[in-house]
Amino acid sequence: MRQGLASSTIFSLSGEAPAAQLLPEPGDHAAFDAAVLVGETTRLACSIRKLSAAGAMLQIDDEIVEAEGLHLELANGQSLAGRIAWTEQGSAGFLFETPIDVISTLARNLAALPAERRSVPRVELHQTICVRRGNQVEFTRSRNLSQGGCGFETDIALQEGDAVQINFDGLRPLDGLVKWSQGSFAGVAFHEDLPWQVLMPWLRQAQQQPSHHTRIAVIQEQNGLIPDQKAIRLDTPARVREGVRWWNVKLRGITPQLVEFESRAPFANGAQLWISLPNIGGGPASVIETDDRHRFLCEFRLPLKAGDLGRIAG
């Protein structure tokens, strides 16, 4: 078995087995990864439409006689034991006996190809991202990411050809053009592909520390890191930059001198950050305290103006 130059197979960071229904996204033209389903009396060629830690969704034309004691042989040499869980109109669900490491499987696929042909296909992941189109800014949830683009949910009325910037935690800002938009979903093609040497380590980290969607609200919280009782308590998305890397965070509290946020980023005490705040721009700040809830307390180098706090809360 040899892999093609491109792949439409989806590699999912979800721990759940792929369901029977899988809708293709616009622009899917490449072939799926090839595989072979092997049993005592069976050897059937198939394609992998989607692969997760728990199982795979297969595209298969022949009738499956055996349901138990099967192995799925991948083009990278892996042989995964499991069973058929369901079949439906040329598709089948294959459940693994033991969960697999999806990113390791993807890495083996890349290692089996010459360096000039290595390309990371679409990886399904749900993370809080920041989308910018002109002056419009939206914190939303990603659907997938590849070297050349991403899909995401959106409330912005995006049109094909719109220029946007996408910010994932820990990656440089990614500029691109909207390739398709349907309802509350859109897909973007990046101006420059993400190198696989950058994307693969980042995906490994994302697999270990999944991000969650954020919401915007003013809340009442009594156990924040800011000791000032007059601090504005928040649950509001924002962005933080350290060096060249941006992170999407949750603001938890703010005063003219201090800001508290929640993030999975590994910021150390003394780290010099740029805090991008809703409605007012942002400013430089230094990390002065952390806790085991992934909370960070920072001190602004220049205090905020009184009116700025009202615009943030508003």
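This is a predicted model: local features need pLDDT of at least 70, side-chain atom pairs count only at pLDDT 80 or more; totals for chains, interfaces and linings use all residues.

Colleague: How many residues does α2 have, and how far does it reach?

Modeller: Helix α2 covers residues 196-208, which is 13 residues. From its first C-alpha to its last it reaches 18 Å, close to the 18 Å expected at 1.5 Å a residue.

Colleague: Let's switch to Gln78. Where does it sit?

Modeller: Gln78 is in the loop between β5 (70-74) and β6 (79-88).

Colleague: Is Gln78 buried or exposed?

Modeller: Buried, because its relative accessibility is 13% and the cut-off for buried is under 20%.

Colleague: Which residues does Gln78 touch?

Modeller: Leaving out residues up to four places away in sequence, Gln78 touches Leu72, Glu73, Thr105 and Arg108. With Thr105 there is also a polar contact between the two side chains, at 3.2 Å.

Colleague: And the loop with Pro173, where is that?

Modeller: Pro173 lies in the loop between β12 (163-167) and β13 (174-182). This one is partly exposed, with a relative accessible area of 21%.

Colleague: What does Pro173 touch?

Modeller: Gln165, Ile166, Asn167, Val244 and Trp246, again not counting residues up to four places away in sequence. As for Val131, the C-alpha atoms of Pro173 and Val131 are 9.8 Å apart in space, while the two residues are 42 apart in sequence.

Colleague: New topic, cysteines. How many disulfides are there?

Modeller: The count is zero disulfides.

Colleague: Now the strands. Which strands does β19 pair with?

Modeller: Strand β19 (residues 272-277) is joined to β16 (residues 232-242) by three bridges, and those two run antiparallel. There, Val240 stands opposite Ile275 in β19. Strand β19 also pairs with β20 (residues 281-290), in the antiparallel sense over six bridges. In that pairing, Ser276 stands opposite Gly282 in β20.

Colleague: What's between β19 and β20?

Modeller: Three residues, and the two strands form a hairpin. In the turn, Asn279 has a positive phi of about 75°.

Colleague: Last thing, aromatics. How many aromatic pairs does the structure hold?

Modeller: Six aromatic pairs. One of them is Phe94 with Phe96: the ring centres are 5.9 Å apart and the planes are at 70°, so the pair is edge-to-face. Both Phe94 and Phe96 are buried.

Colleague: And how do the rings of Phe261 and Phe267 sit?

Modeller: Their centres are 5.9 Å apart and their planes are at 85°, so this pair is edge-to-face. Phe261 is buried, and so is Phe267.

Colleague: Which residues do ring pairs link into a cluster?

Modeller: Trp247, Phe261, Phe267 and Phe296.

How values were computed:
Residues are numbered from 1 along each chain as its sequence is written. Side-chain values use heavy atoms; hydrogens and water are left out. Helices (H or I, at least four residues) and strands (E, at least two) are DSSP runs, numbered from the N terminus. Buried means under 20% relative accessible area, exposed over 50%, partly exposed in between (1.4 Å probe, protein chains only). A polar contact is a pair of N or O atoms within 3.5 Å; within protein, one must be able to donate a hydrogen and the other to accept it, and residues adjacent in sequence count only if both atoms are side-chain atoms. Contact means heavy atoms within 4.5 Å. A disulfide is a pair of cysteine sulfur atoms within 2.5 Å. Two strands pair if DSSP finds at least two bridges between them. The expected span of a helix is 1.5 Å times one less than its number of residues. Rings of Phe, Tyr and Trp (its six-membered ring) pair if their centres lie within 6.5 Å; planes under 30 degrees apart count as stacked, over 60 as edge-to-face and the rest as tilted.
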